[in-house]
Amino acid sequence: MTSSNAHVPLLRRFTSAVVSALSVSLIALAAVSLLFFGGNPATLGQLFDFFVGSTLVVFVLLAAFALIGIYRFWYLRLIGGIVAGVAGALVGSAVTLVSGGSTLAGGAVGQLVSTLGGPNLPFVLATIIGTVTAGNAVWRRLVGGEADASTRRIAIVRAPADTLADGELTHLERVPVDLELANAQWDEYVALLSNAGWDIVEVPVATGQPDSVFVEDTMVVFGDTAVIGSPGADSRAGEIVEAERIVTELGLTIRRIEMPGTLDGGDVLKVGRTVYVGRGGRTNAEGIRQLRALVTPLGYTVVAVPVTKALHLKSAVTALPDGTVIGYAPLVDDPSVFGRYLAVPEAEGVAVVVLADDTVLMSSAAPESSALIADLGYRVLTADISEFEKLEGCVTCLSVRVR
């Protein structure tokens, strides 16, 4: 899933939709034919007559569903299969009744619905199973992940746990955290991403994992490969399981940092094909070595950067869309390693989420930094994340962007 993929031509998408829908339709028809065929050729002919209308409806619906993206996620495939199977069964049975001289009135409607628990049930089940398995396999075989990647920008997020206030602190003194306000701020943050054109994918809330809202630390995405981190804080070890499941369902290739290596996603800053990795309290040398081994074959160059004044590298520096690294001087160990570097006047102003080539998201707690970035020609959106900043969080920590 990377923006470097070319858009899939419309003809190819259309062909893929037709072929995937045809495969599911034929599977459903073959399934009921084999189930009810008693060895009598006449029976087989009757079965085809009864189910051919249903099969055509399933074919049309699934082809349309494929074009609008049901194969992006497993639950969309499931819903699409259910809708197509039920609609196909009902419409096909209705056509059969009408063609036989019956009218769709009174008891006939009830008779149609009752078929969903009778002769049409195997057809519906076959359609559902075929959609989530064969239909998906055919679609992805023909277009891979390109159709989804070329039209989507995905933001992975995770709502705060009730224990948010108990999160780890390294460089700040603990102060009270307002959970209700934090939830409202998180909702606003997610809404800003959505309104900016990002598809929101939520990782389930992690009960008992106070730092889990900082989902960025669980992984780093390089094109269509997700490198699952190895948390530098023991208390965060349980966060990666559900996060990994989500990116697996998105179709990304999974790689992992293994112990004794540790690596938090907040320590990884990508600037073009250069990957700056913070060597600090949460990411160790072995974690950096493993990351280098994983991403060098993908065309990236890993540069290790000392981090002693902030929790993560991206607590001290991030990068603008043009590759300029921005940072707050008291938090940056050595700005010379970054090439193009621009100092910002506030600690909360170091973090930018790149939403588009001309748009960034920043903290509302850094008005001077926001004005500086806006003066460079960028559209700056701001979010109030005060409750997360109390826990050493920033705007980048709250999401993983996949595009």
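This is a predicted model: local features need pLDDT of at least 70, side-chain atom pairs count only at pLDDT 80 or more; totals for chains, interfaces and linings use all residues.
Q: By class, what is in the lining of the second largest pocket?
A: That lining has eight nonpolar, four polar and four charged residues.

Q: And how much space lies in the second largest pocket?
A: About 350 Å³. Of the 16 residues that line this pocket, L172, S315, L331, A347 and E392 are the closest to its centre.

Q: What about the largest pocket, how much space lies there?
A: The largest pocket holds about 1,000 Å³ of space. It is lined by 35 residues, and V221, K270, V271, G272 and R403 are the closest to its centre.

Q: Which strands each supply at least two residues of that lining?
A: Five strands are to be named: β3 (219-222), β6 (268-271), β9 (317-319), β12 (353-356) and β15 (400-402).

Q: How do the residues of the largest pocket's lining divide?
A: They divide into 17 nonpolar, ten polar and eight charged residues.

Q: Which residues line the largest cavity?
A: Its lining consists of E168, D211, F214, D217, R236, R282, L311, H312, L391, E392, G393 and C397. By class, these are four nonpolar, two polar and six charged residues.

Q: And which line the second largest cavity?
A: The second largest cavity is lined by V305, P306, V307, L313, A316, V317, L331, V332, D333, D334 and F338. Here the division is nine nonpolar, no polar and two charged.

Q: Now the rings: how many aromatic pairs does the structure hold?
A: There are six aromatic pairs. In one of them, F51 and F123, the ring centres are 5.6 Å apart and the planes stand at 20 degrees.

Q: Why is that pair stacked?
A: Planes under 30 degrees apart count as stacked, so the 20 degrees between F51 and F123 makes the pair stacked.

Q: Where do F51 and F123 lie?
A: F51 belongs to helix α2 (residues 41-68) and F123 to helix α5 (residues 121-143), so their pairing ties together parts that are 72 residues apart in sequence. F51 and F123 are buried.

Q: What do the rings of F214 and F388 look like as a pair?
A: Their centres are 6.3 Å apart and their planes are at 85 degrees, so this pair is edge-to-face. It links distant parts of the chain, with F214 in the loop between β2 (199-203) and β3 and F388 in helix α11 (residues 386-389), 174 residues apart.

Q: Are F214 and F388 buried or exposed?
A: Both F214 and F388 are buried.

Q: Which residues form one aromatic cluster?
A: Y276, F338 and Y341 form one cluster. F338 is also among the residues that line the second largest cavity.

Q: Last topic, charges over rings: which ring face does K270 lie over?
A: K270 lies over the face of F222, at 5.3 Å from the ring centre. K270 is also one of the residues closest to the centre of the largest pocket.

Q: And where does R273 lie?
A: R273 lies over the face of Y300, at 4.0 Å from the ring centre.

How values were computed. Residues are numbered from 1 along each chain as its sequence is written. Side-chain values use heavy atoms; hydrogens and water are left out. On a 1 Å grid over the protein atoms alone, a cavity is a set of points where a 1.4 Å probe fits but cannot get out, and a pocket is an open set with protein on both sides within 12 Å along at least five of seven lines; lining residues have an atom within 4 Å of a point. Grid points are joined across faces, edges and corners, and a volume is the space filled by probe spheres set on the points. Helices (H or I, at least four residues) and strands (E, at least two) are DSSP runs, numbered from the N terminus. Ala, Val, Leu, Ile, Met, Phe, Trp, Tyr, Cys and Pro count as nonpolar, Asp, Glu, Lys and Arg as charged, and the others, Gly among them, as polar. Rings of Phe, Tyr and Trp (its six-membered ring) pair if their centres lie within 6.5 Å; planes under 30 degrees apart count as stacked, over 60 as edge-to-face and the rest as tilted. Buried means under 20% relative accessible area, exposed over 50%, partly exposed in between (1.4 Å probe, protein chains only). A charge sits over a ring if NZ of Lys or CZ of Arg is within 6 Å of the ring centre and within 35 degrees of the ring normal.
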